[in-house]
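Please read these notes with the model open beside you. They are numbered so that each can be checked on its own.

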Amino acid sequence: MADYWIWDPSVIKGEDGRYHMFASRWSKKYGFGNWVTNSEVVRAISDTPEGPYEFVEVVLPARGKKYFDGCTTHNPRIVKNGDYYVLYYFGNNYEAPNPGYSENVWESGLGQKAWMHKRIGMAYSKSISGPWKRVDQPILNPRKGEWDASITSNPSPVVLPDGKVYLIYKSSPVNYNPPLLLGAAQADSFLGPYLRLSNKPIFSFHTDQNHENDVEDPFVWHNGQHFELIMKDRYGKICGEEGGGIHAYSKDGIDWHLSKAVKAYSKTIRWNDGTVSHQANFERPFLLFENGKPTHLFAATGDGSESYQFERTWNMVIPLRG
């Protein structure tokens, strides 16, 4: 979308047989950093997984500062659970006035304040086109004094064969500084309650001397026998590429193991015409499954001089072989 920053792809096949992408957008009148203060979740449609996807509607607009998600909605993840489409995301609010177009929210401090108010929310509908019932309270809150004391964010849900929902989320002990950590919760129904499966993070790669060794942006699935996930290696000290992807697996969703071939994907992209590019960012990985097998990898990316210095952003799709 020419006038918007685009991020956060999450795709599902609707009851109409078409492919529906839930994504985040915010006006390019703001800087890219305003994802934390001005993002909203939207829906776009395509006849094929590869697109192009055409914008249809804003699904989760700002709804007022009396709500936990009244200012921002971001990081959508869509799943089907029984008769319902269930949309997970994080929302936040902030007491300060909405930023002006020229305000750098990370220099003014508003970005940091908004970041600390990130909470996981959920909306559901029997139709992919809504109407959506948005819950009025977070489905998972931070815990004071614990490893996840700051926020709850980056939800990655998977509906298990018995209908329960397993949910990976991101948090940290203090604030937005590393290490960022991932935890796991589960609910008997998508309506909750969501209960932690462990009091400790499920991944912890940092040391007291080196906090800059962490992960984020998980995408988790269940293959019928065990859990698998891919996630972003923020500093590249696990898979060998800054911002590259990691693959891991788990029998119970609590005790996770890195795969022997740990690197799941690279920021180096080979295009249809044979050219190769190295993307400054390749984030929010999402796998589309058809008949139980992953067929397409989606990710948020952009054109720019360096990481997060974008001229434009878009959601990329890569068909998978075999």
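**Notes on the predicted model**

1. Start with D69, which lies in the loop between β4 (54-60) and β5 (72-81). Keep in mind that this is a predicted model. D69 has a relative accessible area of 0%, so the residue counts as buried. Its side chain makes a polar contact of 2.6 Å with the side chain of Y89. Apart from neighbours within four places in sequence, D69 is in contact with R63, Y89, G91, N92 and R134.

2. D217 belongs to strand β13 (residues 215-222). Is D217 buried or exposed? The residue is buried, because its relative accessible area is 3% and the limit for buried is under 20%.

3. With neighbours within four places in sequence left aside, the contacts of D217 are N154, I230, M231, K232, E283, R284 and P285.

4. Next, the nonpolar cores. The largest one has 21 residues, and those touching the most other members are V11, Y53, I230, F282 and F298. Two or more residues each come from β2 (19-27), β3 (40-46), β13, β19 (282-290), β20 (293-306) and β21 (309-319). Strand β19 gives the largest share, four residues. As background, nonpolar side chains in soluble globular proteins tend to be buried together.

5. Not counting residues up to four places away in sequence, F298 touches P9, V11, M21, P49, Y53, R284, P285, F286, L288, M316 and V317. There is also a second, separate core of 19 residues, with V158, I202, V215 and C239 among them.

6. Now the start of the chain. Strand β1 (residues 4-13) is mostly covered, with eight of its 10 residues buried. β1 pairs with β2 in the antiparallel sense, over eight bridges, and K13 stands opposite Y19 in β2. The two strands, β1 and β2, form a hairpin with five residues between them. In the turn, G17 has a positive phi of about 80°.

7. How many disulfides are there? The count comes to zero.

8. Aromatic rings deserve a separate look. The whole structure holds 28 aromatic pairs. In one of them, W35 and F90 sit edge-to-face, 6.3 Å centre to centre and with 80° between the planes. This pair links distant parts of the chain, since W35 is in helix α1 (residues 35-38) and F90 is in strand β6 (residues 84-92), 55 residues apart. F90 is buried at 0% relative accessibility; W35, at 19%, also counts as buried, because the limit is under 20%.

9. A further edge-to-face pair is Y84 with Y124, at 5.7 Å centre to centre and 80° between the planes. Y84 is in strand β6 and Y124 in strand β7 (residues 119-125), 40 residues apart, so this pair too links distant parts of the chain. Y84 is partly exposed, with a relative accessible area of 27%.

10. Finally, one aromatic cluster is formed by W5, W7, W26, F32, Y308 and F310.

Notes. Residues numbered from 1 in each chain as written. Predicted model: local features only at pLDDT ≥ 70, side-chain atom pairs only at ≥ 80, totals over all residues. Heavy atoms only, no water. Buried < 20%, exposed > 50% of the residue type's maximum accessible area, 1.4 Å probe, protein only. Contact = heavy atoms within 4.5 Å. Core = buried A, V, L, I, M, F, W, Y, C linked by side-chain atoms within 4.5 Å. Pairing = 2+ DSSP bridges. Polar contact = N/O pair within 3.5 Å; in protein donor to acceptor, adjacent residues only side chain to side chain. Disulfide = S-S within 2.5 Å. Phe/Tyr/Trp six-rings, centres within 6.5 Å; stacked < 30°, edge-to-face > 60°.
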